Amino acid sequence: MIHTSAGLLEFEALRALVGRYVGSPMGKGELGKVEPHTNREQLERVHRLNAEAMEYLKTASGPQTAGRGSAVRLRFGDLPDSLEPAVKLRIEGAVLEGKEIFELLSLLDRASETRAILESCASRFPLLAARAAGIGELRAVLHELANKVLPDGSLADTASVALNRIRRGIEKQRQQIQDSLERFLRAHRTDGVLQEDFVTLRNDRFVVPIVAGQQGRVNGVIHGSSGSGHTLFVEPLDTIDLNNQLVRLTEEELREVFRILREMTDKLRVHAPAILASIQVMGELDLLFAKAQFAVDFDCVIPRFAAADSVELRLEAARHPLLEDVLRRQRKPIVPISFALAENRILLLSGPNTGGKTVTLKTCGLLALMAQSGIPVPAREAVFPVFDQVLADLGDNQSIAESLSSFSSHIRRVKEILEQVTPESLVLLDELGRATDPEEGGALGVAIVDLLRSWKAFTLASTHLLALKVYGGSHDRVLNGSMGFDHDTLEPTYRLRLGAPGESAGLAIASRLGMSTDLIAKAREAMTHRERDLADFLEQLQQKVNALQTEREQLEAQRLALEAREKALASEWAQRESAKLRELEKKCEALAQAFEESSRQTIEGIIQTAQQRKSAEQAQRKVSKTVREFREELQTTLAAAKPGAGPPLRLQIEEGCRVRLKNVRELARVKRKIGPDRIEVEAGFMKLQVSVDDVLEVFPEGASSPAKLPQNVSFHSAGPRWDVSYRELNLIGKRAEEALEEVDKFLDQAVMAGVNRVRIVHGHGMGVLKKAVHEMLSKHPHVATHYAATPAEGGTGATIAEIREE
């Protein structure tokens, strides 16, 4: 993309603003690559990533359930710049310094953590997870090299067995030297030889300070003197061999350290491509989340790109980000702008000086560059064509060095624009036809705009010239717009109004800025009748436009009030209908309870022989099943009878609706969608994660009130719902008594949830726990039958229990 006006539109300042949110050197490097371009497919892909990153940040900042899959705030601020060491890995034979290895391992560890976090959220943020998949799988080498290099770049003693042995030997040798020198100090403490009673180092060898001139009384080697020459540093003869051994051990330590660093470098070199790719992805993710945080802070929106067959330029509540940043620091509000261009390709802006015309041009141009650079734009809505170039003439470019006046520089720049413009260009012209005779400037401006109109290039131009205002009102594909002016306060309102030109209000603004009243009066007298009439006409037109806008806003407010009243009435009617349905539900529930109680009493009257008791139990179960089916049919009928309710929907699963699941008798309620193919539901007291293929029928959400309890009957909640996503109970490691209590509770909850098959894992062991579980299941009233699990489900280490149908 040619964007020769990026400097005029302050794109670099915008890049710096986004750069405040970038944390790492790699991210700043990626930000430096950001430029406007015209690849629509790539732009749409980047903006989809931006949208997902924005949603991730909002999710991470809000309340959410802890655990795997939670959105965790990612950190990029303290990442080291390890690109150069990573590049050095590609050089065969090169050995990294300890500090370089430590920083590289720290970066790769953070990268692995980032990949794990984003991949755990793949169901909600698939694009971020796919981007994080570009981070190499380096956990094995990270684990192997962990804790071998300290933060200062030195190697830990445990880096190798040999290094640990050498350093223990060095410590021991230093202690021997210390003991030898302390004996020397005690021997000469009173004979006047010692300058100071301490041991120091010179040339990496332990020495003692003696008085200059006394060296003849001491057998040793002089290694230097003090700056004054009064002290000599002598290595006693008795410690020379000890120091020599220490030097040998130190050199051996250096060789071992180099060997370890070379070995660690070679292990990292094997993964050099993956390491470079990981650093690249971390830089891209840093920039991506920086753009997302910028978008959240500045209330940005993801721009859309108009289709080639329906080109339009539309901004709603758009704001200039640099101006908004300044006004925020001053605690002042910013006035957004809105306009739309489609058939009308040219917008001519007029209105008072300092009224916001130039800011409107800059806002449109900068937001277009942001959109085509993959950066969200500060607006409520933004639609752009994919521009091949943004061409602007803004401000006064006069140059004394080049002998260019304001008008000359203006015309030269417009000439360059006209030579480069295409139908896919965005053209921004500030004060077109300025700095010359108004009549000639107006004629020239009309000719320029007419040429741009023939090119069908999107153009925004500001002007004070009458000829251009008249042209905007008398030609198609050209739209007049004006910046508002308050005649009561004599101040601009900075609001963009479309459909009519605006008055320049130069005399009014001069008066507001302190120009004398007499001078303003003389200026008005100097105006011709035609000029005064025109000024009065524009003033009246502006007032009518303002009145029309006010009336439109009032009508919109009335429309919204009527809609709210209509919704309130509909809600009231729905509540009344719901109350009637709840009363009907209570009556039906009472009839069902009376029928069930009567049936139970009748069955209890059957002869109490063993065979007859079994028949009675079977009859009781059939009665319970009939009552349950009756209630389900009743609920379905009531839901269909509610206002706006239709027949049960199938496979249109929404949060809050009720569903019928395979192998689960009770209707479940959908809590949330986990992905395209899985949902989380609540069935009774159990929370399940199931595939959408397990859904047999979907019912619309219907509000219902809990049935009122009879007198002297109370209800106590069983506490939080138990998550049985996999319908199994693990008893491994538990005592038999504790395990049987958990089995009993597990079976009760399975019955309440309507589950008809569960798995109990007890392991093999000595067989005690397995035997106890089987004995309990054989006598338990909820269990119809039980048997060993299939090999795929745990074999004889687990038992399948089928729940008796009530």
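Predicted model: local features only at pLDDT ≥ 70, side-chain atom pairs only at ≥ 80, totals over all residues.
Colleague: How many helices and strands?

Modeller: The protein chain has 21 helices and 24 strands.

Colleague: What about contacts with a separation of 6 or more? What share comes from residues 24 or more positions apart?

Modeller: Those residues account for 68% of such contacts in the protein chain.

Colleague: Let's do helix packing. How do H3 and H10 sit, angle and axis distance?

Modeller: H3 covers residues 40-61 and H10 covers 272-297. They pack at about 65 degrees, and their axes are 8 Å apart. That angle makes H3 roughly perpendicular to H10, since 65 to 115 degrees counts as roughly perpendicular.

Colleague: Is that crossing left-handed or right-handed?

Modeller: The H3 and H10 crossing is right-handed.

Colleague: Which residues meet there?

Modeller: From H3, they include Val-46, Leu-49, Ala-53, Met-54 and Leu-57. On the H10 side, Leu-288, Phe-289, Ala-292 and Val-296 are among them. By class, the H3 contact with H10 has eleven nonpolar, two polar and two charged residues.

Colleague: Now H14 and H15. What angle, and how far apart are the axes?

Modeller: H14 (residues 438-455) and H15 (residues 466-474) pack at about 35 degrees, with axes 8 Å apart. H14 brings Gly-442, Gly-445, Val-446, Val-449, Asp-450 and Arg-453. H15 brings Ala-467, Leu-468 and Tyr-471.

Colleague: How does the H14 contact with H15 split by class?

Modeller: Five nonpolar, two polar and two charged residues.

Colleague: Where is Asn-147, and is it buried or exposed?

Modeller: Asn-147 lies in the loop between helix H7 (139-145) and helix H8 (161-187). Its relative accessibility is 69%, so Asn-147 counts as exposed; the cut-off is over 50%.

Colleague: And Arg-331? What is its phi, and where does it sit?

Modeller: Phi of Arg-331 is positive too, near 55 degrees. Arg-331 is in the loop between helix H11 (321-329) and strand E7 (337-341). Arg-331 counts as exposed because its relative accessibility is 78%.

Conventions: Residues numbered from 1 in each chain as written. Heavy atoms only, no water. Axes fitted to C-alpha atoms, helices over the stretch in contact; angles between N-to-C directions. Helix = DSSP H or I, 4+ residues; strand = E, 2+ residues; numbered from the N terminus. Parallel < 35°, antiparallel > 145°, perpendicular 65-115°, else oblique. Left-handed = near helix turned anticlockwise from the far one by under 90°. Contact = heavy atoms within 4.5 Å. Nonpolar A, V, L, I, M, F, W, Y, C, P; charged D, E, K, R; others polar. Buried < 20%, exposed > 50% of the residue type's maximum accessible area, 1.4 Å probe, protein only.
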